[in-house]
Amino acid sequence: FVCKSSSTEQYAALFYFPDITNSTTREEYYIYRIAMAGHANGMAIDNDAIYITGWVDKEDNRGEGNQEDNTYNNWIIEVPLSVIENLPKTKTGEKISTSKYNVYKPEYINETTNEYEEYTAAIMSITKYKNNNSFIIGRKISSSDNKNTDGSSKYFGYRLARLETDSEGIKHFVVSTDFNGRFAVENNMETTDTTGQDLCYSPYTGLLIAKWCKSDLPCKNVILRVDIDNDSYTTKT
């Protein structure tokens with residue numbers, strides 16, 4: 001699957017390649033459209049569904065149309081794989097009905113009341129973590145001492161998140177606020193002024209963070225490879 005849209009688009013294009021590993025069928029693909037997906041670059045997949053961030057990169061793209069309720073720029077869209085498998089095989093960009101997928105407003109659990117409360121930070125990156133319904137999401141570190149001289153971040157912040165079902169059968173996308181549920185990755189690239197929100201976790205490779213340089217090397221792509229499984233420190237190098 002590939003999910004992509006422009007910075008001003010509120011319908012994302014979802015490209016589906018049924019068998020990209022087979023040389024005779026890898027050119028076979030279908031295109032669908034998903035409302036509420038915003039800029040839509042951030043995407044994860046597990047055995048059950050595709051998960052797409054509803055983040056948009058311009059303030060004026062929220063507050064209207066499909067994004068009007070995306071107050072904190074952090075929607076997570078869950079499209080079941082069973083829905084994709086039963087769609088017509090078309091390249092016309094057929095819109096997937098909003099009744100066929102879930103849109104979560106992320107929450108956290110208040111430690112005092114043990115109740116769900118709205119998570120108010122933007123989410124622009126997501127990947128599956130160790131199991132189905134478990135994720136790593138990006139979390140911007142906004143403190144003033146997290147800036148290099150060129151304005152880039154010294155550390156990239158991440159948190160664990162999960163999908164869980166409450167006693168009434170309602171599903172929640174819950175972001176961890178525990179000490180062990182968040183970590184920072186040192187920005188140790190030669191050119192630190194980069195952009196990009198794509199993530200991929202595998203127990204074989206660790207966390208892979210794709211970045212591309214914005215300033216003097218606009219075409220250079222860098223992938224940070226981070227071992228996040230073998231220690232308990234909150235800062236990873």
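User: I'll start with a pairing. Which residue in E3 does Ala12 stand opposite?

Analyst: Ala12 stands opposite Ile34 in E3. Before we go on, this is a predicted model, so local features need pLDDT of at least 70 and side-chain atom pairs count only at pLDDT 80 or more, while totals for chains, interfaces and linings use all residues. Residues are numbered from 1 along each chain as its sequence is written, and side-chain values use heavy atoms, with hydrogens and water left out.

User: Thanks. How many bridges join E2 to E3, and in which sense do they run?

Analyst: Six bridges join E2 to E3, and the two run antiparallel. Strands here (E, at least two residues) and helices (H or I, at least four) are DSSP runs numbered from the N terminus, and two strands pair if DSSP finds at least two bridges between them.

User: And what about E1 with E2, how many bridges there?

Analyst: Strand E1, residues 2-4, is joined to E2 by three bridges, again antiparallel. Val2 has Phe15 as its bridge partner in E2, and Lys4 has Ala13.

User: What's the strand order of the sheet they belong to?

Analyst: The order is E1-E2-E3-E7, an open sheet of four strands with mixed pairing. E1 and strand E7 (94-95) are the edge strands, each pairing on one side only.

User: Let me zoom out. How many helices and strands does the protein chain have?

Analyst: There is one helix, along with 20 strands. Of the 237 residues in the protein chain, 44% are buried, where buried means under 20% relative accessible area, exposed means over 50%, and partly exposed is in between (1.4 Å probe, protein chains only).

User: How much accessible surface does the chain have?

Analyst: About 12,800 Å², with 46% of that belonging to carbon and sulfur atoms. Those areas come from the Shrake-Rupley method with a 1.4 Å probe, and for residues only the protein chains shown count as cover.

User: What share of the contacts join residues at least 24 apart?

Analyst: Among contacts between residues at least 6 apart in sequence, 55% do. A contact means heavy atoms within 4.5 Å.

User: Now the inside. Which residues have the most contacts within the largest nonpolar core?

Analyst: Ile34, Ile52, Ile77, Ile84, Ile96 and Tyr101, in a core of 19 residues. A nonpolar core is a set of buried Ala, Val, Leu, Ile, Met, Phe, Trp, Tyr and Cys residues joined through side-chain atoms within 4.5 Å.

User: Which elements each supply at least two residues of this core?

Analyst: Strand E2 (11-16), strand E3 (30-35), strand E5 (49-53), E6 and helix H1 (81-85). E3 gives the most to this core, with four residues.

User: And E6, why is it called largely enclosed?

Analyst: Four of its five residues are buried, so E6 is largely enclosed by the rest of the structure. E5 and E6 pair in the antiparallel sense over five bridges, with Thr53 opposite Ile76. E6 also pairs with strand E8 (residues 102-104), antiparallel over three bridges, and there Glu78 has Asn102 as its bridge partner.

User: Buried or exposed, how does Glu78 count?

Analyst: Glu78 counts as buried, at 5% relative accessibility, whereas Lys171 is partly exposed at 36%.

User: How many salt bridges does the structure hold?

Analyst: Three. Another one is between Lys130 and Asp229, 3.9 Å from N to O. Lys130 lies in the loop between strand E11 (126-128) and strand E12 (134-138), and Asp229 in the loop between strand E19 (221-226) and strand E20 (235-236), so that pair ties together parts that are 99 residues apart in sequence. Glu164 and Arg162 also meet in a salt bridge, at 2.7 Å from N to O; Glu164 is buried at 19% relative accessibility, and Arg162 is partly exposed at 31%.

User: Last one: how many disulfides are there?

Analyst: The count is zero, taking a disulfide as a pair of cysteine sulfur atoms within 2.5 Å. As for cysteines, Cys3 counts as buried at 6% relative accessibility, and Cys200 as partly exposed at 38%.

How values were computed: Salt bridge = Lys/Arg side-chain N within 4 Å of Asp/Glu carboxyl O.
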